[in-house]
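Hi there,

Here is the structure I said I would pass along. Have a look at it first, and my notes on its charged side chains follow below.

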Amino acid sequence: MQASHDGLDHGERDPQAMNVYDLDASDPSGTLVDRGGLDAAQVQHIGLLMGALGRLREAEQELSEASLKYMKLNETDMRALHFLIVSANRGEMATPGAIAAHLKISSASTTKLLDRLERGGHIVRSAHPTDRRALTISITPETHEVARNTVGRQQAKRFHAAARLTAAEREVVIRFLDDMANEITIGTEDWPAQHDA
């Protein structure tokens, strides 16, 4: 087994580590989660799964912070650069409007973002080949190479974890992750209005 950065083998858990996602610790009174139909062993096992998800989020956060620090960019900048890389890989032209839609930010915020990235030498604005009123945005080769050799190379290692699963196991994981994403997606009826808080 390959050792991880904390000295533990993959799949081995630190017995001293606190699982803050353990249901009995985070919801001892059962206010948030109905435990009906689950015995204590099942609840504990689900807690271990939630702990694994927590460790994944922590690893992602550490990687994100390291890449932001290395490239001296903020999270929105990095998301914009990733969008530009994917657009280029697909042979698609990225426009300011497409970037704004992807990042879910206003046109004014997009202009400020692009100005900042252009000043830093990360992007190039070019005339659109068919629409004289529009621009296309591309990532510079230098920034593309740095991003690929740092955060891109590290993120690509996710593929190895997925490849170690069987096709049937991957289907279970896909179904689980999609189901969990649907469960935690915030709807207007799920989140209190600001004046209610």
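**Salt bridges**

The side chains of Asp-131 and Arg-133 come together in a salt bridge, with an N to O distance of 3.4 Å. Please keep in mind that this is a predicted model. Asp-131 is partly exposed, because its relative accessibility of 25% lies between the 20% and 50% cut-offs. Arg-133, with a relative accessible area of 78%, is over the 50% limit and therefore exposed.

How many salt bridges turn up in a search of the whole structure? The search finds 6, and here are the others I would like to point out.

Asp-77 pairs with Arg-116, and the closest N and O atoms in this salt bridge are 2.7 Å apart. This pair links distant parts of the chain: Asp-77 sits in helix H3 (residues 75-89) and Arg-116 in helix H5 (residues 107-119), 39 residues apart. Is Asp-77 buried or exposed? Its relative accessibility is 3%, so Asp-77 counts as buried. Arg-116, on the other hand, has a relative accessible area of 33% and is partly exposed.

Another salt bridge joins the side chains of Arg-35 and Asp-27, at 3.8 Å from N to O. Both Arg-35 and Asp-27 are buried.

Finally, there is a network: salt bridges link Asp-115, Glu-118 and Arg-125.

Happy to talk any of this over once you have had a look.

Best wishes

Terms used: Residues are numbered from 1 along each chain as its sequence is written. This is a predicted model: local features need pLDDT of at least 70, side-chain atom pairs count only at pLDDT 80 or more; totals for chains, interfaces and linings use all residues. Side-chain values use heavy atoms; hydrogens and water are left out. A salt bridge is a side-chain nitrogen of Lys or Arg within 4 Å of a carboxyl oxygen of Asp or Glu. Buried means under 20% relative accessible area, exposed over 50%, partly exposed in between (1.4 Å probe, protein chains only). Helices (H or I, at least four residues) and strands (E, at least two) are DSSP runs, numbered from the N terminus.
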